[in-house]
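Here's a quick briefing to read with the model open in your viewer. Take a look at the structure first, then work through the points by topic.

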Amino acid sequence: MTWQPLLEGESADAALRLARAIAVEVAKHPGAAVDRTVFWAYASNALDEPFADAAYDAALADLAAQVMAGASHPMLYNEGLSGMGWVLAHVTDDSDGLLARIDQAMLQIVSQPAWHGDHDLTQGLVGHGVYFLERLRGAEAAGVAREGLERVVAHLAATAERTADGACWFTRPELMPPHIRALWPRGRYDCGVAHGSAGVVAMLARAAALPDPPAAARTLGEDAARWLIARRQAPGAVGGRFPGLVVPDQPVEPTRSAWCYGDLGVAAALWSAEQHLGIARGLAHETALDGIARPTTHYNIEDVALCHGSVGIAHLYNRFHQATRDAAFGEAARQWYAATVVTDTLAALPGFALWGSHWHRLIDGAIGVGLALFAAATRTEPAWDRIMLCDLPTAGVA
């Protein structure tokens with residue numbers, strides 16, 4: 001099982017030129033240590049240049065200092081505590097006790113008797129579960145991480161709504177930012193990876209695959225997958241096969257096709273459900289193929305970011321290609337990479353202008369674009385996308 005460069009020749013050269021240009025800018029104007037550390041862990045290997053090695057060392061030192069200073073929130077993204085811990089666990093074998101401190105802090109957070117916060121990947125329980133899963137990849141403090149993951153699964157089980165279709169989670173209005181609450185004042189059910197059921201399915205599937213999984217992980221994952229599959233729409237729907245949101249007493253609205261919402265992120269989650277839970281067989285592949293035929297105008301893409309932009313679509317199709325060696329996925333990925341690499345001048349890329357304040361972030365900024373481009377043009381498997389729950393097993397090469 002080997003990761004293969006998807007891009008070759010001039011396409012690969014163009015991708016690497018842009019990725020290096022991003023690296024140069026990140027080195028000149030360093031941003032948050034969390035995302036920067038992940039970036040340089042991979043960029044220093046791909047570039048093999050002294051400035052990249054020095055930038056990685058500096059980022060790691062800054063991250064350690066940030067952990068010591070404390071995080072303002074426990075979230076997986078946006079410089080939260082679980083995100084800091086995930087990055088340290090991902091890139092180091094020895095963290096000088098920093099991870100042990102984070103383990104205890106995160107265990108305390110998820111040990112409250114009842115959960116009243118978010119359930120999702122970006123801000124809540126699923127993100128905390130992703131942190132504990134990353135910690136369980138190493139031997140250090142495995143007992144604490146396992147206890148933390150068990151508590152995450154228990155909270156998800158306790159807060160789930162049980163329906164004839166399966167298990168789902170309602171996002172209450174008070175958990176939404178004001179501008180989002182104004183759109184859905186009575187709350188909503190979310191189907192996406194970033195904020196909803198697809199993320200729950202993907203995390204529980206990975207938890208169920210552990211040698212000694214949390215007791216409820218498999219059955220709850222199956223029930224969550226059944227509810228999500230029941231939301232599937234007929235072929236040819238303008239908004240794709242899966243809605244982004246289900247709002248009580250409102251018709252289903254079209255959604256973009258991306259990682260955060262829509263068919264591609266859901267397909268990645270269902271792939272994990274098929275692999276680890278043994279359900280939804282063939283549905284992930286079919287859903288991903290459906291997306292190729294969807295007119296690009298229906299993707300609702302306005303920038304280049306991993307979360308909701310062209311490089312995120314390219315990266316998911318690359319993952320699908322690496323998992324299946326299906327040429328259709330490979331060609332779709334190349335087309336979306338080409339839509340991203342339109343110029344060697346960063347300022348000319350519309351996404352950087354649109355998301356200027358997030359330029360140095362992984363999920364919605366240039367750092368994520370650079371990582372996806374390195375993944376497309378080198379032999380290094382992008383294990384960093386475990387933080388997005390879209391890592392899929394790599395198939396053998398024919």
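Let's start with a loop: arginine 325 sits between helix H13 (310–324) and helix H14 (327–340). Keep in mind that this is a predicted model.

**Two residues with positive phi**

- Arginine 325 has a phi near 60°, which is a positive value in a residue other than glycine.
- You'll find asparagine 78 in the loop between H3 and H4.
- With a relative accessible area of 45%, asparagine 78 counts as partly exposed.
- For background, most residues other than glycine have a negative phi.

**The chain as a whole**

- Does the chain's radius of gyration agree with or differ from that of a compact globule? For 398 residues, a compact globule would come out near 21 Å, and the chain has 20 Å, so the two agree.
- Along the principal axes, the C-alpha atoms fill a box of roughly 55 × 50 × 45 Å.
- Of the 398 residues, 56% count as buried.
- Take the contacts with a separation of 6 or more: 68% of them come from residues 24 or more positions apart.

**H3 against H4**

- Helix H3 (residues 50–69) packs on helix H4 (residues 81–91) at an angle of about 140°, with the axes 11 Å apart.
- That angle makes H3 oblique to H4, because only angles over 145 degrees count as roughly antiparallel.
- The crossing of H3 and H4 is left-handed.
- On the H3 side, the contact uses Tyr56, Leu60, Leu63, Gln66 and Val67, and these meet Met84, Val87, Leu88 and Val91 in H4.
- By class, the residues of the H3 and H4 contact are 8 nonpolar, 1 polar and no charged.

**H4 against H6**

- H4 also packs with helix H6 (residues 125–135): their axes come within 9 Å and cross at roughly 20°.
- H4 and H6 are therefore roughly parallel to each other, since angles under 35 degrees count that way.
- The H4 and H6 crossing is left-handed.
- Which residues meet here? From H4 there are Ser82, Gly85, Trp86, Ala89 and His90, and from H6 there are His128, Val130, Tyr131, Glu134 and Arg135.
- The contact of H4 with H6 splits into 4 nonpolar, 4 polar and 2 charged residues.

**H5 against H7**

- Helix H5 (residues 98–110) and helix H7 (residues 142–159) have axes that come within 9 Å and cross at roughly 25°.
- H5 and H7 are therefore roughly parallel to each other.
- The crossing of H5 and H7 is left-handed.
- H5 brings Asp103, Gln104, Leu107 and Val110 to the contact, while H7 brings Val144, Glu147, Gly148, Arg151, Val152 and His155.
- Sorted by class, the contact of H5 with H7 holds 4 nonpolar, 3 polar and 3 charged residues.

**Leucine 306, a buried loop residue**

- Leucine 306 lies in the loop between helix H12 (283–293) and H13.
- Leucine 306 is buried, with a relative accessible area of 1%.
- How many residues apart in sequence are leucine 306 and isoleucine 363? They are 57 residues apart in sequence, yet 5.4 Å apart in space, C-alpha to C-alpha.
- Setting aside neighbours within four places in sequence, leucine 306 has contacts that include Trp259, His315, Leu362, Ile363, Trp384 and Met388.

**Glutamine 4, ahead of H1**

- Glutamine 4 is in the segment before helix H1 (9–28).
- Glutamine 4 is partly exposed, with a relative accessible area of 22%.
- Valine 110 is 106 residues away from glutamine 4 along the chain, and their C-alpha atoms are separated by 39 Å.

Conventions. Residues numbered from 1 in each chain as written. Predicted model: local features only at pLDDT ≥ 70, side-chain atom pairs only at ≥ 80, totals over all residues. Heavy atoms only, no water. Axes fitted to C-alpha atoms, helices over the stretch in contact; angles between N-to-C directions. Helix = DSSP H or I, 4+ residues; strand = E, 2+ residues; numbered from the N terminus. Parallel < 35°, antiparallel > 145°, perpendicular 65-115°, else oblique. Left-handed = near helix turned anticlockwise from the far one by under 90°. Contact = heavy atoms within 4.5 Å. Nonpolar A, V, L, I, M, F, W, Y, C, P; charged D, E, K, R; others polar. Rg over C-alpha atoms; globule rule 2.2 N^0.38 Å. Buried < 20%, exposed > 50% of the residue type's maximum accessible area, 1.4 Å probe, protein only.
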